[in-house]
Amino acid sequence: MAAAVSTSLSSIFDLTGKIALVTGAGGGIGLQIALTLQQAGAAVVLTDADGTRLSDAAEQFGVKPQVYQLDVSDSKAVRDLAGKIDRCPDILVNNAGVSRAAPTRDTTDDDWRAVLSVNLDGVFYCSRTFGTLMAERGSGVIVNISSMCGEFVTRQQSVYTAYNASKAGVNMITKTLACEWARSGVRVNAVAPGFIASEKIVNFPKDVLAQWCDQTPIGRLGQPHEIASAVHFLASEASSYITGTILLVDGGYTCW
């Protein structure tokens, strides 16, 4: 049996000297993730499809981050970004995502492609570009933001065929890349949030929010910082023996 290795608790969570690229960082969960990673010592690179949101988000950082407007569904734009930043990031957080609710019969081709192109294609394009560079270098971490709806269908998400399919795909991309790149020094995991009090959700009708809380064992919505903390853990050396994992952060919702 190998001897135990003594490691400082603070050091294994420290991201000093690391570069972290976060997509969809113009607000909500993505912005909180970027703020948390910077607080942990990382130099952050923010990307978002909305340039105005991106500029506003950058103002919230003590140390100004690099910012790039990016449509993750554009594979060429993703490849071009790799040539613009200082060096290949040590941490990639694939957070950008969209959703459109409609019964399947009312889901148009454009609706389907709009969701899949960002949620699934975007994760693949960013992982392919930056993960390949990480593997060539011999180190790196990718954290994908999935959803508990990638594992099962909630009653509230029964009209989210495209969204649910995209998140299930994110889970399989995560597991497949984890296996492909494990021996190259690259870890790939995903965080799967439950109902989180993001800017999109808090404006739902109060009776809907109350129902979600009642159906969650902890009895409340999650907070963006609770997702960001999970990402920080997976991005740090504290999770050095974890890869291919889908970490549910859902207040126990999926335990019922």
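**Reading the sheet and its helices**

Visitor: Which residue in strand 6 is the bridge partner of N144?

Guide: In this predicted model, N144 has A190 of strand 6 as its bridge partner. As a general idea, the strands of a sheet are paired through hydrogen bonds of the backbone, in either a parallel or an antiparallel sense. Here strand 5 and strand 6 run parallel and are joined by six bridges.

Visitor: How many strands does the open sheet have, and in what order do they come?

Guide: The open sheet has seven strands, which follow the order 3-2-1-4-5-6-7 with parallel pairing. Its edges are strand 3 (66-69) and strand 7 (246-249), each of which pairs on one side only. Direction ignored, neighbouring strands of this sheet are turned against each other by 15° on average.

Visitor: What can be said of the other pairs, and which residues mark them?

Guide: Strand 1 (residues 19-22) pairs with strand 2 (residues 43-48) over four bridges in the parallel sense, and there L21 stands opposite V45 in strand 2. Strand 4 and strand 5 are likewise a parallel pair with four bridges, in which V93 has V143 of strand 5 as its bridge partner.

Visitor: How many residues of strand 5 and of strand 6 are buried?

Guide: A residue counts as buried when its relative accessible area is under 20%. In strand 6, eight of the eight residues are buried, so the strand is largely enclosed by the rest of the structure. Its residues V186, V188, A190 and A192 point one way, while R187, N189, V191 and P193 point the other way, and all are buried. Six of the six residues of strand 5 are buried too, so strand 5 is also largely enclosed by the rest of the structure. From strand 5, G140, I142 and N144 point one way and V141, V143 and I145 the other, all of them buried.

Visitor: At what angle do the axes of helix 2 and helix 8 cross?

Guide: The two axes come within 8 Å and cross at roughly 50°, which means that helix 2 is oblique to helix 8. The crossing in which helix 2 passes helix 8 is right-handed. Helix 2 contributes I29, Q32, I33, T36 and L37 to the contact, and helix 8 contributes P224, H225, I227, A228, V231, H232 and A235. Sorted by class, this contact of helix 2 with helix 8 has eight nonpolar residues, four polar ones and no charged ones.

Visitor: Is K76 buried, partly exposed or exposed, and where is it found?

Guide: K76 is found in helix 4 (residues 75-82). Because its relative accessibility is 48%, K76 counts as partly exposed. Between K76 and G194 there are 118 residues of separation in sequence and 32 Å in space, taken from C-alpha to C-alpha.

Conventions. Residues are numbered from 1 along each chain as its sequence is written. This is a predicted model: local features need pLDDT of at least 70, side-chain atom pairs count only at pLDDT 80 or more; totals for chains, interfaces and linings use all residues. Side-chain values use heavy atoms; hydrogens and water are left out. Two strands pair if DSSP finds at least two bridges between them. Helices (H or I, at least four residues) and strands (E, at least two) are DSSP runs, numbered from the N terminus. Axes are lines fitted to C-alpha atoms, for helices over the stretch in contact, and angles run from 0 to 180 degrees between N-to-C directions. Angles under 35 degrees count as roughly parallel, over 145 as roughly antiparallel, 65 to 115 as roughly perpendicular and the rest as oblique. A crossing is left-handed if the near helix is turned anticlockwise from the far one by less than a right angle, and right-handed if clockwise. Contact means heavy atoms within 4.5 Å. Ala, Val, Leu, Ile, Met, Phe, Trp, Tyr, Cys and Pro count as nonpolar, Asp, Glu, Lys and Arg as charged, and the others, Gly among them, as polar. Buried means under 20% relative accessible area, exposed over 50%, partly exposed in between (1.4 Å probe, protein chains only).
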